[in-house]
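Here are my notes on this model, as promised. Have it open while you read, and go through the points in order.

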Amino acid sequence: MAEAGYEHKPVLYEETVNALILADFYAKSAAVRQWAPPAKRDGVFVDGTFGRGGHSRLLLSALSKSARLFVFDKDPRAIEAAMQLSREDARVTVIHDGFSTMVPALAEQGVTQIDGVMMDLGVSSPQIDEAARGFSFMRDGPLDMRMDTSRGQTAAQWLAQASVDNMKEVIKYYGEERFAFQIAKAIDARRQSSPLCTTLELAELVANVVRTREKGQHPATRTFQAIRIHINEELKELADTLASILKVLAPQGRMAVISFHSLEDRMVKQCFAAASSLPPELARMPLRESEMPEPVLKNLGRVLAEEGEVRENPRSRSAVLRVAERTDAAWNQAHENAIRAALPGMDTQKRRGSWPASH
């Protein structure tokens with residue numbers, strides 16, 4: 001069941017919802033951080049990562065009675081909270097799945113265009129704080145790390161059978177951990193005598209290998225991050241999703257994405273940059289500047305957490321909110337090809353042949 005009385009203010013709370021509803025949104029404006037919504041907004045909106053619904057509830061307060069909000073999440077606990085919200089508010093439709101299914105799932109609901117979409121990437125605070133989920137290296141619990149606990153391979157299962165090379169690649173790429181090989185070797189040596197079953201077992205093993213780390217960061221931070229991203233295929237899901245969302249974003253519709261990991265942020269940044277420029281084949285067309293086609297996206301900039309928010313919630317320290325707006329330009333395959341070619345995940349796929357295997 002959902003956590004009773006759980007209260008958590010999401011990162012970049014007002015800023016994210018303002019990004020979807022303010023007509024003259026400007027990332028560096030002080031108004032971005034103030035909650036003073038205009039007249040009630042109509043339209044169709046999507047929360048691709050419902051969590052415990054903080055962003056969704058604030059958005060609903062700014063939407064008209066005829067507006068619709070579709071919420072997605074893999075986490076069964078999040079879906080329980082979302083279903084409760086849908087019982088309270090008929091504007092809400094709940095879909096128990098990841099945001100990579102957004103376009104076909106919306107189509108099944110008869111929705112082919114949306115006016116705004118927000119995504120808060122990575123693991124949520126409730127997931128980290130619940131030891132049984134296995135995301136925290138500070139609380140002992142089973143090595144699970146699945147966003148959706150009803151399906152898929154756990155972290156413990158993967159660590160029990162992955163090759164040293166596979167573990168090294170995952171920890172090095174997804175965690176940007178320079179001690180990846182040493183950590184993989186230590187995991188392999190440990191499992192020869194007994195399996196790794198709990199979060200503290202893994203955290204202590206990594207801490208014995210990683211003797212230097214940034215001030216204030218636990219030695220196992222990058223390893224836990226890497227394994228979690230791998231188990232849930234987070235970067236692959238994001239790469240597969242970004243371009244597809246632009247197909248259903250209505251003209252003047254907004255996309256607001258919060259990321260905490262440099263690889264995620266780089267992916268969002270490069271997607272927005274590619275969509276805000278003309279595809280190479282269109283840019284080379286023999287046309288006057290005034291006749292050149294318009295890019296499909298307008299990049300509206302980024303927003304970072306202020307000092308006060310970081311003091312209240314240290315997890316917001318690495319948060320980056322990027323916002324973009326769909327233009328009136330017609331979408332075509334050239335745009336999708338250019339965006340997919342720009343995504344770091346796609347470059348990695350070409351360079352290494354495939355994403356690190358999940359099994």
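1. Start with methionine 118: its bridge partner in E5 is alanine 256. Strand E4 (residues 114-120) and E5 run parallel, joined by six bridges. Two strands are called paired here if DSSP finds at least two bridges between them. Strands (E, at least two residues) and helices (H or I, at least four) are DSSP runs, numbered from the N terminus.

2. A word on the source: this is a predicted model, with local features needing pLDDT of at least 70, side-chain atom pairs counting only at pLDDT 80 or more, and totals for chains, interfaces and linings using all residues. Residues are numbered from 1 along each chain as its sequence is written, and side-chain values use heavy atoms, leaving out hydrogens and water.

3. Now the whole sheet. It is open, has seven strands in the order E3-E2-E1-E4-E5-E7-E6, and its pairing is mixed. Strand E3 (92-96) and strand E6 (297-304) are at the edges with a single partner strand each, so one side of each has no neighbour in the sheet. On average, neighbouring strands are turned by 15 degrees against each other, direction ignored.

4. Phenylalanine 45 sits opposite leucine 69 of E2.

5. Helix H12 (residues 262-275) lies across E5, E6 and strand E7 (320-326), and runs at about 20 degrees to E7. Angles run from 0 to 180 degrees between N-to-C directions, and axes are lines fitted to C-alpha atoms, for helices over the stretch in contact. Contact itself means heavy atoms within 4.5 Å.

6. Have a look at helix H2 (residues 54-62) too. Seven of its nine residues are buried, so H2 is largely enclosed by the rest of the structure. The buried ones are Gly54, His55, Ser56, Leu58, Leu59, Leu60 and Ala62.

7. Helix H1 (residues 13-21) packs against H2: their axes come within 10 Å and cross at roughly 45 degrees. That makes the pair oblique (under 35 degrees counts as roughly parallel, over 145 as roughly antiparallel, 65 to 115 as roughly perpendicular, the rest as oblique). H1 contributes Tyr13, Glu14, Thr16, Val17, Leu20 and Ile21 to the contact, and H2 contributes Gly54, His55, Leu58, Leu59 and Ala62.

8. The other helix pair on my list is H7 and H8, which pack at an angle of about 135 degrees with axes 8 Å apart. They are therefore oblique to each other as well. From H7, the contact takes in Val164, Met167, Lys168, Ile171 and Lys172.

9. Last, two backbone angles to check. Most residues other than glycine have a negative phi. Glutamate 176, however, has a positive phi, near 50 degrees. It lies in the loop between helix H7 (164-175) and helix H8 (180-193) and is partly exposed, at 34% relative accessible area. Glutamine 252 also has a positive phi, near 70 degrees. This glutamine is in strand E5 (residues 249-259), and is partly exposed at 46%.

Methods. Buried < 20%, exposed > 50% of the residue type's maximum accessible area, 1.4 Å probe, protein only.
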